Amino acid sequence: MTGWTTYPDSLARHCGDVLYMARNGEGKFLAVQGGGEAYETLEGENVSLPGGAEKHCPLSVANAQKLRRLFPFTGPVSHKGKPFTLGLGDRLGIATPGHIRLLRGREVFPVFAQQSVRELTLTGRTFDDVLAAAVWAVFQEGWRDGYGADGDHLKTPEEVQTALDCGFTMITLDCSGQIRAEGGTPEETYGDAVRYAIDIYNRFLRGKEIDFELSLDETAAPTSPEAHLYAAGELKKADVGLVSLAPRFCGEFQKGIDYRGDLRAFEKDLEKHAGIAREMGYKLSIHSGSDKFSVFPAIFEKTGKNVHLKTAGTNWLEALRVIAGAEPALFREIARFALENLPEAKKYYHITENTARIPDLAAADDGALPSLLEQDDARQVLHVTYGLILSAKGADGASLFKDAIYAALLEREDAYYAALGARIGRHLP
């Protein structure tokens, strides 16, 4: 059809029905031909075309849930037993096809749906939205090698239950609220956190095919090997099926930039934590793993590539890189807004930026704007303000940036996928 783009890898059949995904000037949709179960089950509009009748179905949460039942390969699964797993937090909900194109044929199990409650709050999305975006991407690209869905940094029983109800297959429990100030014995410092983790596991996860990760990284001080060993030992005694554990390492794992700290000290710290994880039978998890290029070699060496690496912010920043190159006026407005609203964003994220080092937007040529995405201070500012950027509205209630961002990236879909492949590819062993 004139003006349409179809996705050949999405072509699938179900009991006589033929399904495929396409895009027109209004966005993406699922087309169904036939009249069988898929045609009758999926919600959409019947249309008459020269080749016959089709139903055009919106890429909604409800249709994604139905598609998972019709085509089980589109639903998430446990990654137990997989050595190298990669979390790919997609805050816009459109990056996963780019991830898939990069990962085909590689020895990595992806967690395409990964989002924290903080991220959901800042972007105005839900766990259902996040999983639906992964479902549609998997169907679009014909990915049949499995993927996971991680309810990241969950803190309350209610958050855990919500993620499970939506179909998430991984629960990352953030016990930072139960960790006491450093200085006492491991039991005094981490005892409440361990008991909380055991309670959550017993109440919600025992006996289920759910990947359970314990997050101890949201603390001011690094996790000592003694504290790690204590926590691991107590969980093992309680028969908690731990898949991965995220300690707080020495140095700084800040957002969207490389590791800051003493590399030799980090390697020694990592080696101790990796040894404990190996002895106890689970993987280390590396949080805020986006763009930590200087420590990736040590991480893969010390863990034997048996590790879970979480990324998120770099996918958002690559979207901005594409916009900076293609629509400089839009990018300038986004960057200006980010700088003006940085104090509000820093209520949610810890960064140590120096805005004086960011090049003057007014003086920069259009062609130089993409290079801002290589400057650490600019990367940090643009990273942490994503929620404010996406939720900003004008006096008339209309979106200031969100609609324009999605339109620009949809028009340059392949360029965005290529940018993601180039950046995320540097995170692989």
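Is Cys57 buried or exposed? Select Cys57 and you will find that this residue is buried, at a relative accessible area of 1% (buried means under 20%, exposed over 50%, and partly exposed in between, with a 1.4 Å probe and protein chains only).

Before moving on, a word on what is loaded. This is a predicted model, in which local features need pLDDT of at least 70, side-chain atom pairs count only at pLDDT 80 or more, and totals for chains, interfaces and linings use all residues. Residues are numbered from 1 along each chain as its sequence is written, and side-chain values use heavy atoms, with hydrogens and water left out.

**Stop 1: the cysteines**

The structure holds zero disulfides (a disulfide being a pair of cysteine sulfur atoms within 2.5 Å). Cys15 sits in the loop between strand S1 (5-14) and strand S2 (17-24); helices (H or I, at least four residues) and strands (E, at least two) are DSSP runs, numbered from the N terminus. Cys15 is exposed, with a relative accessible area of 66%, and has a positive phi of about 50° although it is not a glycine. Most residues other than glycine have a negative phi. Now pick Cys175, which is buried at 0% relative accessible area.

**Stop 2: the nonpolar cores**

Next, select Leu19, Leu30, Phe112, Phe139, Phe168, Phe266 and Ile299. These have the most contacts inside the largest nonpolar core, a set of 91 residues (a nonpolar core is a set of buried Ala, Val, Leu, Ile, Met, Phe, Trp, Tyr and Cys residues joined through side-chain atoms within 4.5 Å). Helix H7 (residues 186-205) gives the most to this core, with 10 residues. A second, separate core has 42 residues, among them Leu320, Ala324, Ala364 and Ala378.

Zoom in on Phe112. Beyond its neighbours within four places in sequence, its contacts (heavy atoms within 4.5 Å) include Leu88, His99, Ile100, Ala134, Trp143 and Tyr147.

**Stop 3: helix H3 and its surroundings**

Select helix H3 (residues 96-103) together with helix H17 (residues 413-425): their axes come within 8 Å and cross at roughly 55°. Axes are lines fitted to C-alpha atoms, for helices over the stretch in contact, and angles run from 0 to 180 degrees between N-to-C directions. H3 and H17 are therefore oblique to each other (under 35 degrees counts as roughly parallel, over 145 as roughly antiparallel, 65 to 115 as roughly perpendicular and the rest as oblique). At the meeting place, residues including Pro97, His99 and Arg101 in H3 face a group in H17 that includes Asp414, Tyr417 and Leu420.

H3 is mostly covered, with seven of its eight residues buried. Show strand S6 (84-88), strand S7 (109-111), helix H5 (127-141), helix H11 (313-326) and H17 to see what those buried residues pack against. Just after H3, Gly105 takes a positive phi of about 80°.

**Stop 4**

Follow H11 to helix H12 (residues 328-340), where the axes come within 6 Å and cross at roughly 130°. That makes H11 oblique to H12. Leu320, Ile323, Ala324 and Ala326 in H11 meet Pro328, Leu330, Phe331 and Ile334 in H12.

Finish at helix H10 (residues 296-303), where six of the eight residues are buried. Its cover includes S6, helix H9 (263-280), strand S13 (283-286) and strand S14 (307-311). Gly304 follows H10 and has a positive phi, near 65°. Ser288, in the loop between S13 and H10, has a positive phi of about 50° although it is not a glycine.
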